[in-house]
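Open the model in your viewer and keep the selection panel at hand. Each stop below gives something to select and then what is there.

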Amino acid sequence: MTTGPNYAFFQGKIVPIEEAKVSVMTHAFNYGTGVFGGLRAYWNEEEEQLYIFRPLDHFRRVLNSAKMLLMELPYTAEDMLGILRDLLRKENYRGVDVYIRPLAYKSSEGIGVRLHDLECDFTMFALPFGSYIPNEEGSRVTFSSWARIDDNMIPARGKIVGAYANSAFIKTDAALAGYDEALVLDQSGHISEGSAENFFMVRDGVVYTPPITSNILEGITRRTVIHLLREEMGMEVVERVIDRTEVYIADEAFFCGTGVQIVAIAEVDHRPVGTGQMGPVVRRLRELYFDLVRGKLLRYREWNVPVYEAH
Ligand code: PMP
């Protein structure tokens, strides 16, 4: 079995993971002033190749999040991709799928909550990773009693470390109550997303998802899924505000994200979604998605970045 991580990119170079440590006085540790990303790389058995999925899109989002927190990083998205390829080659992951965590953070040590006049740094590590939610083909979901953070509180479109306390409240309440996941409403009572994944539903042959103004993270999987639904499955996809009870009467519903991938929602607040079984749209979408991320849909090869030299 492959284990890891054995290395991290830390303070400008790749070091053994044991050496990638920060002080208890680090600003980001005290005040949540970091931003992060979450990518996956998938092993393609036939080609003996590890393909990173849409890395430049992920790194551009990290940089946008960093911009919100007044961080000036000395790296471009392309630089980050170079660092990631070096890191994955050093780890030499083969035969496994991998999760990658880039993190930019206020690295100054000391007391004083603010964003300005602070140093920042960039780190990254990668570990072997399988599924994230246990019941991928039929998750049981509830609506959280917590509300999603609003753009004027902590912007959800920035992947900000401190903001994930909100996600942690949402996830843990759902898990301790026996659910697989929770949906969370925004301040106006409309559906935002899951604790760490975007939401879609199907009604009468049309696919709906909350707009980027519903306090969601602007998901890269969301963007990918919208493309697959429209271009590969010929479906109409509408981004609009969604009411809670629309899910109760939806034909199908699902979550998507880098971590969760595509997860069918079988039940919400004790009501079966559609038949209560994974429906045809989600089934087909999952097939397409897993082929895509593994680099098996050759027409999308620009989204699959290889780690190793081809042979
Ligand atoms: N929403 C939240 C709150 C998330 O943390 C994530 C995971 N990054 C997503 C949605 C899905 O985003 P992506 O598809 O870019 O991974």
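Select α2 (55-68) and α5 (220-232): each of them supplies at least two residues of the shell around the ligand. The model you are looking at is predicted.

**The ligand shell**

Now show the residues around the ligand. The shell has 16 residues, and the closest are Arg61, Tyr164, Glu193, Thr221 and Thr258. Colour the shell by class: 4 residues are nonpolar, 7 are polar and 5 are charged.

Which side chains place a polar atom 2.6 Å from a ligand atom? Select Tyr164 first. A polar atom in the Tyr164 side chain lies 2.6 Å from an oxygen atom of the ligand. Go on to Glu193, where a polar side-chain atom is 2.6 Å from a ligand nitrogen. Then pick Lys159. An N or O atom of the Lys159 side chain lies 2.9 Å from a nitrogen atom of the ligand.

On its own, the ligand has 390 Å² of accessible area, and the protein covers 97% of that.

**The largest pocket**

Where does the ligand sit? In the largest pocket. Hide the ligand and look at the space. The largest pocket holds about 470 Å³. Its lining has 28 residues; select Tyr99, Lys159, Tyr164, Ala196 and Gly259 to see those closest to the pocket centre. Next, colour by element. α2, β6 (98-106), α4 (164-176), α5 and β14 each give two or more residues to this lining. By class, the pocket lining divides into 10 nonpolar, 10 polar and 8 charged residues.

**The cavity**

Rolling a probe the size of a water molecule over the atoms shows where empty space is left. How many cavities of 30 Å³ or more does a search of the whole structure find? The count is 1. The volume of the largest cavity is about 50 Å³.

Select its lining: Asp251, Glu252, Ala253, Ala264, Ile265, Val273, Gln277, Met278, Gly279 and Val282. Then highlight two strands, β14 (252-257) and β15 (261-268). Each supplies at least two residues of the cavity lining. β14 also gives two or more residues to the lining of the largest pocket.

**Two backbone stops**

Most residues other than glycine have a negative phi, and most peptide bonds are trans.

Select Gly4 and Pro5. The peptide bond joining them is cis, with omega about 5°. Pro5 belongs to the segment before β1 (7-10).

Finish at Glu48. Is its phi positive or negative? Phi of Glu48 is positive, near 50°. To find Glu48, go to the loop between β4 (39-44) and β5 (49-53).

Terms used. Residues are numbered from 1 along each chain as its sequence is written. This is a predicted model: local features need pLDDT of at least 70, side-chain atom pairs count only at pLDDT 80 or more; totals for chains, interfaces and linings use all residues. Side-chain values use heavy atoms; hydrogens and water are left out. A residue is near a molecule or strand if one of its heavy atoms lies within 4 Å of it. A polar contact is a pair of N or O atoms within 3.5 Å; within protein, one must be able to donate a hydrogen and the other to accept it, and residues adjacent in sequence count only if both atoms are side-chain atoms. Accessible areas come from the Shrake-Rupley method with a 1.4 Å probe; for residues, only the protein chains shown count as cover. On a 1 Å grid over the protein atoms alone, a cavity is a set of points where a 1.4 Å probe fits but cannot get out, and a pocket is an open set with protein on both sides within 12 Å along at least five of seven lines; lining residues have an atom within 4 Å of a point. A molecule sits in a cavity or pocket if more than half of its atoms lie within 2 Å of its grid points. Helices (H or I, at least four residues) and strands (E, at least two) are DSSP runs, numbered from the N terminus. Ala, Val, Leu, Ile, Met, Phe, Trp, Tyr, Cys and Pro count as nonpolar, Asp, Glu, Lys and Arg as charged, and the others, Gly among them, as polar. Grid points are joined across faces, edges and corners, and a volume is the space filled by probe spheres set on the points.
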